[in-house]
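Hello,

Here is the structure I promised to pass on.

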Amino acid sequence: MQWQCLRFDQLSTDQLYDIMKLRVDVFVVEQNCPYPELDGHDKAQGVHHLVAYDNGTLMAYLRLLPPGTTYDNVSIGRVITAEAARGKGMGSVLLTHGLAYAEQLWPGQDIDIGAQSHLQSYYGRFGFEPSSDEYLEDGIPHIDMRLTKTPATA
């Protein structure tokens, strides 16, 4: 598996196509959820795209967003594995790499995610805890979760 963490301006046109195709194939088509997949955040200042290729095929992807982009804190989004990579632990490897890159880019910062509710226990294994009530986003139940790295102040 070849891993790269790149800013938008560092992505090749082939990589950008692969990312958009995988995201639309899964989040829009597979999940039968028409929504504006291209949300304007991909090109935002400081956003990074983590890609994992196996023999030229995109197998996993996530987006790393600096504080203030989608949440007050650092955030991770669009966490996705290709169908061929599922059931093999690739999602955990992807998230582990994503968390390591987030720490490298923004040391010691809390990380927020908007998780599909059925994945709450999965993200909990990585230290994420619920930080909101459940809500509907594009017709799918979600919950905000936070990985707290900074000590709470009294």
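Lining the second largest pocket are Asp18, Lys21, Leu22, Asp25, Val26, Glu30, Gly56, Thr57, Leu58, Ala82, Glu83 and Arg86. By class, the lining holds six charged, four nonpolar and two polar residues. The space in this pocket is about 200 Å³.

This is a predicted model, where local features need pLDDT of at least 70 and side-chain atom pairs pLDDT 80 or more, while totals for chains, interfaces and linings use all residues. Residues are numbered from 1 along each chain as its sequence is written, and side-chain values use heavy atoms, with hydrogens and water left out.

The largest pocket holds about 980 Å³ of space. Its lining counts 42 residues, with Phe27, Arg78, Val79, Gln116 and Tyr123 nearest the centre. Elements supplying at least two lining residues include α1 (13-30), β3 (57-65), α2 (90-105) and β8 (140-147); β4 gives the largest share, seven. The classes here are 21 nonpolar, 13 polar and eight charged residues.

On terms: a pocket is an open set of points on a 1 Å grid over the protein atoms alone where a 1.4 Å probe fits, with protein on both sides within 12 Å along at least five of seven lines, and lining residues have an atom within 4 Å of a point. Points are joined across faces, edges and corners, and volume is the space filled by probe spheres set on them. Helices (H or I, at least four residues) and strands (E, at least two) are DSSP runs numbered from the N terminus. Nonpolar means Ala, Val, Leu, Ile, Met, Phe, Trp, Tyr, Cys and Pro, charged means Asp, Glu, Lys and Arg, and the others, Gly among them, are polar.

Best wishes
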